[in-house]
Amino acid sequence: MRALLTLLCLLLALPVLGVLGAWFALDAASLAVLRHQWETVLPGYALQSSMLALCVGLGVMALGSAMAAAVTLFDFPGRRTLEWALLLPLAMPAYVLAYAWTDALQFSGPLQTGLRAAFGWHGPLWPDVRGFWGAVVLFVLCLYPYVYLLVRAALGERAVRLMEAARLLGAPMRRRILQVALPMARPAIAAGTALALMETLADYGVGSYFGLTTFSTGIYKAWLVMNDRIAAAQLAALLLVVVAALLLAERTAQRRLRFTAGRAGAASAEARALAITGASGWALLALCSLPVLLGFALPVAWLAHMLWVEATTSEFGLPLARFGEWAWASFRLAGAAGLAATALALMLGFAMRRGRGRLLQPAARLLSLGYAVPGAVIAVGILLPAGWLQQRWPESGAAALVTGTVFGLMYAYLVRFSAVALQSVEAGYARVPLAIDETARMLGSRAGRLFLRLHLPLLRRSALAAALLVFVDAMKELPATLVLRPFGSDTLAVVAYNFARDERLAEAALPSLAIVAVGLIPVVMLSRAMRTAQD
């Protein structure tokens with residue numbers, strides 16, 4: 001069983017290794033392609049990707065840290081509500097946010113049209129949102145919760161007591177924040193920023209819709225437009241190197257995070273947050289509410305408005321029958337991915353808990369890297385070996401299996417999201433004492449009975465959480481699904497992207513709202529977990 005699990009982990013790591021292996025098969029043609037890219041598109045891809053990462057990184061650091069410091073260090077009206085409301089933008093994929101704000105702010109939209117009619121103005125009233133700076137703002141609004149979560153945990157569990165000690169020593173609030181709280185949160189800021197940057201570089205929906213020239217959009221252009229698999233593999237490998245560097249930075253920052261053993265509630269009992277009342281408190285509430293309004297509430301309201309307009313003015317009404325087909329395809333694929341990833345995570349967790357097999361641990365850790373790999377890289381990594389097999393053995397039908405059935409898409413989902421399930425299962429196992437296993441073995445229980453009768457009931461909540469998280473991530477996944485989906489299996493994410501690409505934004509509202517509704521599941525779970533930890 002351990003040998004089989006090790007082999008399965010290595011197979012799931014094959015797409016990443018396949019992309020990297022493209023550099024070991026360089027010939028004259030590959031070098032010519034690389035030289036051509038260096039002279040034409042590669043500098044532009046590198047420059048815009050770097051600028052996008054830099055601006056988004058600075059934005060999420062500033063916004064996420066500021067929101068975390070506000071709700072942790074100060075007590076103002078509405079603070080308890082904002083603690084969980086600031087997580088809501090996590091439910092909004094960046095491409096859905098782009099569709100909503102584009103329709104609301106575009107030149108021909110009702111907002112600009114109404115203002116021009118009311119005041120007699122002419123021409124565009126503000127720059128087009130579909131550009132570099134519009135993408136930066138959207139990414140910051142969607143991804144700042146990564147920094148907010150980690151910084152809030154660091155400040156709540158570590159800095160509260162030291163802030164109180166600094167206050168007793170006469171330090172003013174400004175000095176307490178800048179010299180006590182934020183320096184202690186630096187590892188959390190670095191880890192959250194690295195996660196946000198990985199999501200930024202992996203994005204395809206916003207980059208494609210806004211016309212950005214990033215590595216992710218370049219991979220798809222090279223593969224699907226120019227039909228050049230060598231160029232796509234080279235770009236994918238370069239993007240993979242950048243993501244690996246960010247992953248290393250995130251892991252290094254996570255290792256530096258050392259939380260106190262005491263509960264956050266105990267710490268807050270000794271040192272209360274500074275109360276801010278009156279006009280200052282309401283002003284702070286309004287300021288902290290802006291990310292929630294701009295990143296979730298207003299876009300959802302606008303999507304609902306678009307849906308209502310489409311339902312009442314369209315000649316054929318809402319395409320509910322087709323929506324049912326899209327939703328069923330999405331639920332079917334995401335549900336299968338959730339069950340498969342959870343089953344694999346449970347088997348891996350049980351095998352690693354028993355502590356046997358030298359290769360299983362590193363193979364499982366290699367599998368865990370898949371979540372950091374962009375969907376575009378995974379798609380290329382799957383298609384390259386399939387194309388090689390099809391060329392070498394035409395009768396094998398490898399290409400038809402990968403692109404003509406759900407096999408290729410499920411393979412990509414497992415590569416991308418098995419790490420999510422494994423992390424949840426490992427967290428569940430951490431709460432199960434090893435003494436239980438020893439007692440069961442002393443009573444003559446075999447491994448299978450130990451897992452089915454003892455571990456599985458104890459891991460029920462962790463397994464359910466793992467399945468739900470993978471389900472939601474698969475529902476929102478766009479890049480890999482766009483390339484590997486079989487005919488007749490358009491998901492809600494793909495349909496919303498296709499409608500937006502064709503400038504049918506009103507029709508994109510229904511699948512977009514469905515994606516946001518599903519994305520609320522992990523946000524609710526996370527909010528409940530945070531509330532339980534505080535009680």
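Is Cys-9 buried or exposed? Cys-9 counts as buried, because its relative accessibility is 0%; here buried means under 20% relative accessible area, exposed over 50%, and partly exposed in between, with a 1.4 Å probe and protein chains only.

Before the other points, a word on the model. This is a predicted model, in which local features need pLDDT of at least 70 and side-chain atom pairs count only at pLDDT 80 or more, while totals for chains, interfaces and linings use all residues. Residues are numbered from 1 along each chain as its sequence is written, and side-chain values use heavy atoms, with hydrogens and water left out.

1. Cysteines. If you were wondering about disulfides, the count comes to zero, a disulfide being a pair of cysteine sulfur atoms within 2.5 Å. Cys-55 is in no disulfide, and the nearest cysteine sulfur, which belongs to Cys-142, is 16 Å away. Cys-55 also counts as buried, since its relative accessibility is 14%.

2. Overall build. The protein has 26 helices and two strands; helices (H or I, at least four residues) and strands (E, at least two) are DSSP runs, numbered from the N terminus. Its radius of gyration is 25 Å, close to the 24 Å that the globule rule gives for 535 residues, so the protein is as compact as a globular protein of that length. That radius is taken over C-alpha atoms, and the globule rule is 2.2 Å times the number of residues to the power 0.38. Along the principal axes, the C-alpha atoms fill a box of roughly 80 × 75 × 50 Å.

3. Of the 535 residues, 51% count as buried. Taking the contacts with a separation of 6 or more, 81% are between residues 24 or more positions apart; contact means heavy atoms within 4.5 Å.

4. Cavities. How many cavities of 30 Å³ or more does a search of the whole structure find? The search finds three. A cavity is a set of points, on a 1 Å grid over the protein atoms alone, where a 1.4 Å probe fits but cannot get out, and lining residues have an atom within 4 Å of a point. Grid points are joined across faces, edges and corners, and a volume is the space filled by probe spheres set on the points.

5. The largest cavity. About 60 Å³ of space lies in the largest cavity. Its lining includes Ser-49, Leu-52, Phe-139, Asp-203 and Phe-215. Helix H4 (42–73), helix H10 (186–202) and helix H12 (215–225) are the elements that give two or more residues to this lining. By residue class, the lining divides into five nonpolar, five polar and one charged. In this scheme Ala, Val, Leu, Ile, Met, Phe, Trp, Tyr, Cys and Pro count as nonpolar, Asp, Glu, Lys and Arg as charged, and the others, Gly among them, as polar.

6. Val-71. Helix H4 also holds Val-71, which is buried because its relative accessible area is 0%. Leaving aside neighbours within four places in sequence, the contacts of Val-71 include Phe-76, Leu-82, Tyr-148 and Arg-152. Val-71 and Leu-82 are eleven residues apart along the chain, and their C-alpha atoms are separated by 7.4 Å.

7. Two residues of helix H16. Thr-342 is found in helix H16 (residues 320–354) and counts as buried, since its relative accessibility is 7%. Apart from neighbours within four places in sequence, Thr-342 is in contact with Ala-421, Ala-463, Ala-466 and Ala-467. Leu-339 is in helix H16 too, but counts as exposed, because its relative accessibility is 63%.

8. Arg-365 is found in helix H17 and is partly exposed, as its relative accessibility is 38%. Not counting residues up to four places away in sequence, Arg-365 touches Met-352, Leu-422 and Glu-426. Leu-369 sits in the loop between helix H17 (360–368) and helix H18 (375–392) and is partly exposed, with a relative accessible area of 32%.

9. A backbone angle to look at. Glu-503 is not a glycine, yet has a positive phi of about 60°. Glu-503 lies in the loop between helix H25 (492–501) and helix H26 (505–534), and is partly exposed, with a relative accessible area of 42%.

Terms used:
1 Å grid on protein atoms, 1.4 Å probe; cavity = no way out; pocket = protein on both sides within 12 Å on 5 of 7 lines; lining within 4 Å.
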